[in-house]
Amino acid sequence: MSSPAPPAHSIWKEAPFTVNQVQTTELRRQEAAGDAQAARVPAVEVHDLSVAYQKRPVIWGIDFQIPAGKLVGLVGPNGAGKSTLLKAILGLVPPASGWVKIFGRPYDAQRRRLGYVPQRESVDWDFPTSVFDVVLMGRYGHLGLFRRPGKADREMAWECLRRVGMADFAHRQISQLSGGQQQRVFLARALAQDADIYFMDEPLAGVDAATEHAILELLGVLRDQGKTVVVVHHDLQTVSAYFDWVLLLNMQLVACGPTKDVFTPENLQKTYGGRLTVLAHTAHTVSPA
Ligand SMILES: Nc1ncnc2c1ncn2[C@@H]1O[C@H](COP(=O)(O)OP(=O)(O)O)[C@@H](O)[C@H]1O
Ligand SMILES: [Mg+2]
């Protein structure tokens, strides 16, 4: 009766996050056996990572670890390489050097455990597809090769739409949404992926206060369920209130750690350099150096 959503990867302006089709029961079994160790293995480990576009390096020598179960803010000025870092972790751009591990294994083996919300501008919002189908696409990573989404997948897509308050918009074309509604839909899609670790590129950009609050609440729930959520964030005023853990980036890594330890005026100075108006404005909201 209902036709499945097309593998509408063409919604992406750039190369999509490839759906993992290697989903063997053996992999599942190994994961279950590894769960006990998983608590100690970092959710993300990045070593000596560098990325270049047309031979011009944009991030280099990046080393950090993020423990599981943290809500992480990735913070830095425009052009600092935040989106590039996420794309490199997700295998969307090739590293010039270094490696990435997700829960102790190369990301190739872990793709199904990753969820991605791209920056809104990198999506073709004129692509003719409905809100529901975008969310259902989130299930594709869980489907075997050539398997169509079934009733359970569709029910889950509905549930995710309800969680972000977008069920009433299910049949609307994505071109006919406000910015905040688009972000909610992409959040629902990420929820449908049922990942263990989420990477979200500026999910709060251009949303109204109510949507920001709703998204933050949802991210808090995911974290409380033990998931790891990495969020590119540009509002320095809210970093301390929103995030347990902070990564400060300006082409090189400035700091990575618990917010109260690393979100200091000194580190912000290193990250933003002479942009002191930002710093003066924010100084009272950050912890002492
Ligand atoms: N596809 C691309 N080709 C060439 N240069 C790029 C590309 N994407 C980003 N850049 C450049 O890489 C640098 C980092 O960009 P980006 O990762 O988008 O930074 P941020 O997300 O922190 O604003 C910028 O100088 C940007 O112009
Ligand atoms: Mg960016």
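**Figure 1. Helix α2 against the strands of the predicted model.** In this predicted model, helix α2 lies across β1, β2 and β4. The angle between α2 and β1 is about 115°. Helix α2 covers residues 82-89. K82, S83, T84, L85, L86, K87, A88 and I89 are buried in α2. Because eight of the eight residues of α2 are buried, the helix is largely enclosed by the rest of the structure. After α2 comes G91, with a positive phi near 75°.

**Figure 2. The open sheet of four strands.** The strands are arranged in the order β2-β1-β4-β5, and their pairing is antiparallel. Strands β2 (56-66) and β5 form the edges, each pairing on one side only. Strand β1 (residues 44-53) is joined to strand β4 (residues 97-102) by five bridges, and the two run antiparallel. Within this part of the sheet, V44 stands opposite I102 of β4, and E45 stands opposite K101 of β4. Helix α2, shown in the previous figure, lies across three strands of this sheet, β1, β2 and β4.

**Figure 3. The hairpin of β4 and β5.** Strand β5 (residues 105-106) runs antiparallel to β4 and is joined to β4 by two bridges. I102 stands opposite R105 in β5. Two residues lie between the strands of this hairpin. F103 takes a positive phi in the hairpin, near 45°.

**Figure 4. The shell around ligand 1.** Ligand 1 is surrounded by Y53, V58, G76, N78, G79, A80, G81, K82, S83 and T84. By residue class, the shell divides into three nonpolar, six polar and one charged. Helix α2 gives the most to this shell, with three residues. K82, S83 and T84 are among the residues that surround ligand 1, and K82, S83 and T84 are also buried in α2. V58, another residue of the shell, lies in strand β2.

**Figure 5. The surroundings of V58.** V58 belongs to strand β2 and is one of the residues around ligand 1. V58 counts as partly exposed because it has 18 C-beta neighbours inside 10 Å, whereas a residue needs 20 or more to be buried. Neighbours within four places in sequence aside, V58 is in contact with V51, A52, Y53, G81, T84 and M251. V58 and M251 are 193 residues apart in sequence, yet 5.9 Å apart in space, C-alpha to C-alpha.

**Figure 6. The whole chain and its confidence.** The chain has 289 residues, of which 39% count as buried. Its secondary structure comes to ten helices and ten strands. Among contacts between residues at least 6 apart in sequence, 70% join residues at least 24 apart. The average pLDDT of the chain is 84, and 80% of the residues score at least 70. Over residues 1-10 the pLDDT is below 50, and this stretch has twelve contacts in the model beyond near neighbours in sequence. Over residues 14-26 the pLDDT is also below 50, with 14 contacts beyond near neighbours in sequence. Where pLDDT is low, the predicted coordinates should not be read in detail.

Definitions and conventions:
Residues numbered from 1 in each chain as written. Chains lettered and ligands numbered in written order. Predicted model: local features only at pLDDT ≥ 70, side-chain atom pairs only at ≥ 80, totals over all residues. Near = placed C-beta within 6 Å. Nonpolar A, V, L, I, M, F, W, Y, C, P; charged D, E, K, R; others polar. pLDDT = per-residue confidence, 0-100. Contact = placed C-beta atoms within 7 Å. Buried ≥ 20, exposed ≤ 12 C-beta atoms within 10 Å, placed from the backbone. Pairing = 2+ DSSP bridges. Axes fitted to C-alpha atoms, helices over the stretch in contact; angles between N-to-C directions.
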